[in-house]
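Here is a short briefing on one protein chain. Look over the sequence and model first, then read the notes below.

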Amino acid sequence: MSDVKRKRNVLNVKPKLEILQKLDNGEYANTVTEDVLNEGNAISHSVALQSVETLLDYMGQRGFDYGDITAVRKICVDIRQDMNKEQKQRHTTDFLSSKC
C-alpha cells in the first residue's frame, strides 16, 4: 500500500447551497463548476460524484435546460474516468512496490 496521504476537503452545506442558488438564478452549470474548482476546494472523486448526482436530481426536479443537464452528466463521466485512471495507477504502483 502507498504511504502517501491525500488532503481532501469536502464542501460543507454553505458552499453547496450557494451552488444550488446560483443554478436556481439561471447560471450555467459549467460556470458554477468552474467557480467551485477555481476556489481551490479539493474533494475526493467519490464525494464529487455523489454531489454531481445529487445536483442532477435537483436539476431534474426544477426543470433545468437539457443542455445544462447534459453538461453535468459529462462531468460525471469525467469524474468516473479520472477515478478509474487513478485506481489503475495505484494498482500499478502497489504492484511494483510489492515486487521490490
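From the N terminus on, the elements of the protein chain run α-α-α-α. That makes four helices and zero strands. The model is predicted, and the mean pLDDT of the chain is 75.

**Confidence**
- Of the residues in the protein chain, 74% reach a pLDDT of 70 or more.
- Among the elements, helix α2 (residues 29-38) has the lowest mean pLDDT, at 65.
- Helix α3 has the highest mean, at 84.

**Burial, surface and contacts**
- The protein chain has 100 residues, and 22% of them are buried.
- The chain exposes about 7700 Å².
- Take the contacts with a separation of 6 or more: residues 24 or more positions apart account for 66% of them.

**Helix α3**
- Helix α3 covers residues 45-62, which is 18 residues.
- At 1.5 Å a residue, α3 should span 26 Å, and its end C-alpha atoms are 25 Å apart, so the two values agree.
- Which residues of α3 are buried? They are A48, L49, V52, L55, L56, Y58 and M59.
- An α-helix has 3.6 residues a turn, so residues three or four places apart point the same way.
- Just after α3, G63 takes a positive phi of about 70°.

**Recap**
- The helix with the highest mean pLDDT among the elements is α3, and its buried residues include L49, V52 and L56.
- For α2, the mean pLDDT is 65, the lowest among the elements.

Notes:
Residues are numbered from 1 along each chain as its sequence is written. This is a predicted model: local features need pLDDT of at least 70, side-chain atom pairs count only at pLDDT 80 or more; totals for chains, interfaces and linings use all residues. Side-chain values use heavy atoms; hydrogens and water are left out. Helices (H or I, at least four residues) and strands (E, at least two) are DSSP runs, numbered from the N terminus. Buried means under 20% relative accessible area, exposed over 50%, partly exposed in between (1.4 Å probe, protein chains only). Contact means heavy atoms within 4.5 Å. Accessible areas come from the Shrake-Rupley method with a 1.4 Å probe; for residues, only the protein chains shown count as cover. The expected span of a helix is 1.5 Å times one less than its number of residues. pLDDT is the predictor's confidence in each residue, from 0 to 100.
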